[in-house]
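Please read this note with the model open.

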Amino acid sequence: MTVRNLFLLPGDGIGPEAMGEVRKIIAYMNKAKNAGFVTDEGLVGGCAYDAHGAAISEEDMGKALAADAVLFGAVGGPKWDSVPYEVRPEAGLLRLRKDLQLFANLRPAICYPALASASSLKPELVDGLDILIIRELTGGVYFGEPKEIIDLGNGQKRGIDTQVYDTYEIERIAGVAFELARTRNNRVCSMEKRNVMKSGVLWNQVVTATHKEKYADVQLEHMLADAGGMQLVRQPKQFDVIVTDNLFGDMLSDVAAMLTGSLGMLPSASLGAPDAKTGKRKALYEPVHGSAPDIAGKGIANPIAMIASFAMCLRYSFGLVADADALEKAIANVLDSGIRTGDIMSAGSRQVGTVEMGDAILAEFKALSA
Ligand code: NAD
């Protein structure tokens, strides 16, 4: 039997509540489908600080590095607002991204038909929306040097950030975009600002060359990132896969996210390079939302973002495409049936808590898998 090692880091606030619903799905898949998941669990964020004085212990970092995939809940909360900067809860997530070398951030924006009317756009513009934004996560202006504020000595200061990309960084993120496009509708739109930025010129050249060399079967389009932002709210369904840099990706993925409604619905994945021997990529899957201290412990958090993150894990780390499709369909069917957590509640629907939503999705997943 294939052994699939999962390392669970539920974290703080609503993280453990949402992770609990994924644990039930893992248990079901092991029992009914012989899926071979072996799980281990660690601490990250504030709870790790309380236990070890660090946002993640070395032991847990070792387990994360050894696992086939990491499932991450959420970190942070007012209790840890004044802990030293280096051990703040978010430092655990940043350390994981850095040590696992997770350079590709995948943010799907899917609009479930049942929630189309909750979008700030007209329902017909978002109904059935299914796009994937791929953001470069470890380079660009957030990390480029020099990065400083210098005193000019005349009562003025100068803030400097450096946007920098090397060929290999653009090649590898473009490769991820083209490969994933092949599993979807085979279209990639690359976004940069080649009209005003040298890094944009290089981005455009390298994406074009990578496409010509290895992925000519995929349809490629280039768009200036500002025009891309406009098109995302004008006609979002024109896109399949969007690939862009760290800064533009940060903004464009948040814009796309809000087309689809609540934070409680949004999954994400961060992938590293394939291992030279095994071909497996390091990967971390997490909901986009934070630890939601305002509702933590009340049993009302929406577990869908966490469950959909697990569906991404099935798809991208384990190639269990039929199971990923079934789990995503289970979420859609449950929403169609009118069941809602508080954050996505609308008139005429039935409001449930975290556990009941998780149970409904699991029951539907079982029915679809039968
Ligand atoms: P948040 O995402 O935790 O919450 C924003 C709002 O959305 C809150 O009103 C919350 O109740 C609601 N919400 C979020 N997820 C929900 C869900 N699954 N179901 C129902 N409602 C949901 O963002 P915030 O309030 O800005 O931050 C709270 C804490 O989380 C802070 O400590 C912040 O640093 C941390 N944070 C962590 C991550 C992460 O772990 N990746 C991401 C963002 C924020």
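**Helix packing and sheet**

1. Helix 7 lies across strand 8 (187–192) and strand 9, and runs at about 160° to strand 8. Helices (H or I, at least four residues) and strands (E, at least two) are DSSP runs, numbered from the N terminus. Axes are lines fitted to C-alpha atoms, for helices over the stretch in contact, and angles run from 0 to 180 degrees between N-to-C directions.

2. This is a predicted model: local features need pLDDT of at least 70, side-chain atom pairs count only at pLDDT 80 or more, and totals for chains, interfaces and linings use all residues. Residues are numbered from 1 along each chain as its sequence is written.

3. Helix 6 (residues 167–182) packs against helix 7 (residues 198–214) at about 50°, with the axes 9 Å apart. The two helices are therefore oblique to each other (angles under 35 degrees count as roughly parallel, over 145 as roughly antiparallel, 65 to 115 as roughly perpendicular and the rest as oblique).

4. On the helix 6 side, the contact residues are T167, I170, E171, A174, G175 and F178. They meet L202, W203, V206, V207, T210 and H211 in helix 7. Contact means C-beta atoms, placed from the backbone, within 7 Å.

5. An open sheet of 10 strands has the order 2-1-3-12-11-4-5-10-8-9, with mixed pairing. Strands pair if DSSP finds at least two bridges between them. Strand 2 (37–41) and strand 9 (219–224) are the edge strands, each pairing on one side only.

6. Strand 4 (residues 104–110) pairs with strand 11 (residues 267–274) in the antiparallel sense, over three bridges. A104 stands opposite L271 in strand 11.

Terms used: Contact = placed C-beta atoms within 7 Å.
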